2 protein chains.
Amino acid sequence: MSATKEVVVRLTKYKNVLEKLRSLGFVKVFSDNLADAVGVSPALVRKDFSVFGLTGKKRAGYQVDDLIAQLNRILGVDEVQRVIVVGCGKIGTALMRYRGFARERIRVVAGFDVDPSKIDPNAPIPIRDINEMPYIVKSEKIQVAILAVPETVAAQVAEALIAAGIRGILNFAPILLKSQNNVVVQNINIALELENLFCLLRFAEQGLDRGRP
Amino acid sequence: MSATKEVVVRLTKYKNVLEKLRSLGFVKVFSDNLADAVGVSPALVRKDFSVFGLTGKKRAGYQVDDLIAQLNRILGVDEVQRVIVVGCGKIGTALMRYRGFARERIRVVAGFDVDPSKIDPNAPIPIRDINEMPYIVKSEKIQVAILAVPETVAAQVAEALIAAGIRGILNFAPILLKSQNNVVVQNINIALELENLFCLLRFAEQGLDRGRP
DNA sequence: CGCAATATGTGAAATCCTTCACGAGTGAGC
DNA sequence: GCTCACTCGTGAAGGATTTCACATATTGCG
């Protein structure tokens, strides 16, 4: 049943919430709880689950352990996910050392840059020359890359990544990369998000209609 | 006319594309061009514009200059937008120095942290003690904050921000802050985005239905 | 100057997504 | 063990958003 991107996003959110609940000692959970935590309606939680055959019991809700196991199976994130970071500027290095990744079973295998002064193959997370990227991608069977290079070279580096066999890109460069022919792209444009925030504020303040007078 | 968040996001994207086009010397533009660049259908571009009374000419498309001016008016981003960064760890400092902000007329006024060793009020962008945050927010009339603190204190710091008068938060901490009572929150959960990327890849590979057998 | 090509603007249709509402089990309490 | 309040699962209804399709206007060109 065509699962859209939004559904996958929600499933992942459910899973994260469930893991927090489990660490707090929860054993069962109701659709209301998950709905609150994720910010959707209870009906939608149940609907999402039903699409994937996740079932609970009529008065006992869902078993937390069970649900996590099922979600992991569905989402396919049982093992550690390996990723590379391309572009080791400010954002790139910050991401390489980001602690949040460990908790989610994500491991940064290596960083890449063009600047020779940044290269350090002996660091805990090695930083290599961008020219080595294709070999590492192949030998390590890397599928996903975080792109954090300047705007001017972003498109070109993205193509190099795809050519090297990368199948998913998390793009922090301020250009809109398009998902095409079996390469999935997720764009995170920080400046754009901020701009939107300002706009939404503005709209929230003075009503939503600002068309012709 | 109830403008949803999605419409605002698209308008901002149009504006960004238009500015790139203008810098390339374009004078007029068609809905097709914008649609391609933003990844939507031409009809939607026209519909979005019509909602806000943005009009073009029947065979000449839209005037780039004109359109940008109108969008700026509608989106309310004529002047420089000022923002603070709370939490000057890896991500926080990277954001403080992020170049993409300058281009979008966003200025980071100050950073805040609890760690005394990080404080440096004389830096180009000063880093101050978090306790000074409420005063700076008030005196500088700051409305928007970027939140980049560890998970454990994120909720608490967010409350402090709201109490100090902040009206919009761009949240990089891995908890879901909820937009409530006239505070707009935009969550960017990097680990979650990566997880989603892996899942989408997985789904793209082996079809979308993975429910009961 | 008139025509034909082309792009806009918009009501109507279609599609997609969410919520509603209710039947049906089920666990807890007495 | 019986009852009852409670929660799931789901078809149908409802909304919202996007696309369609075409009348209409404009411009370039012969």
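## A tour of the A–B interface and DNA strand C

Between chain B and chain A there are 4 salt bridges, a salt bridge being a side-chain nitrogen of Lys or Arg within 4 Å of a carboxyl oxygen of Asp or Glu. This is a predicted model, in which local features need pLDDT of at least 70 and side-chain atom pairs count only at pLDDT 80 or more, while totals for chains, interfaces and linings use all residues. Residues are numbered from 1 along each chain as its sequence is written, chains are lettered from A and ligands numbered from 1 in the order in which they are written, and side-chain values use heavy atoms, with hydrogens and water left out.

**Stop 1: the protein interface.** Select A:Glu195 and B:Lys15, whose side chains meet in a salt bridge with an N to O distance of 2.8 Å.

Now widen the selection to the whole interface, where 73 residues of chain B are in contact with 73 residues of chain A, contact meaning heavy atoms within 4.5 Å. Together the two chains bury about 6900 Å², 67% of it on carbon and sulfur atoms; buried area is the accessible area (1.4 Å probe) that two parts lose on being put together, summed over both. In chain B, the residues that lose the most area to chain A are B:Glu195, B:Leu197 and B:Phe198, together 9% of what that side buries.

**Stop 2: the two copies.** The same surface serves both copies, since 100% of the contact residues of chain B recur in chain A.

**Stop 3: DNA strand C.** Display the 22 residues around DNA strand C, of which A:Ser41, A:Arg59, B:Ser31, B:Gly56 and B:Tyr62 come nearest, a residue being near a strand if one of its heavy atoms lies within 4 Å of it. Which residue has a side-chain N or O atom 2.4 Å from a base nitrogen of DNA strand C? That residue is A:Arg59. On the phosphate oxygens, look for a polar side-chain atom of B:Ser31 at 2.7 Å and for a side-chain N or O atom of B:Tyr62 at 2.6 Å.

Notes: Polar contact = N/O pair within 3.5 Å; in protein donor to acceptor, adjacent residues only side chain to side chain.
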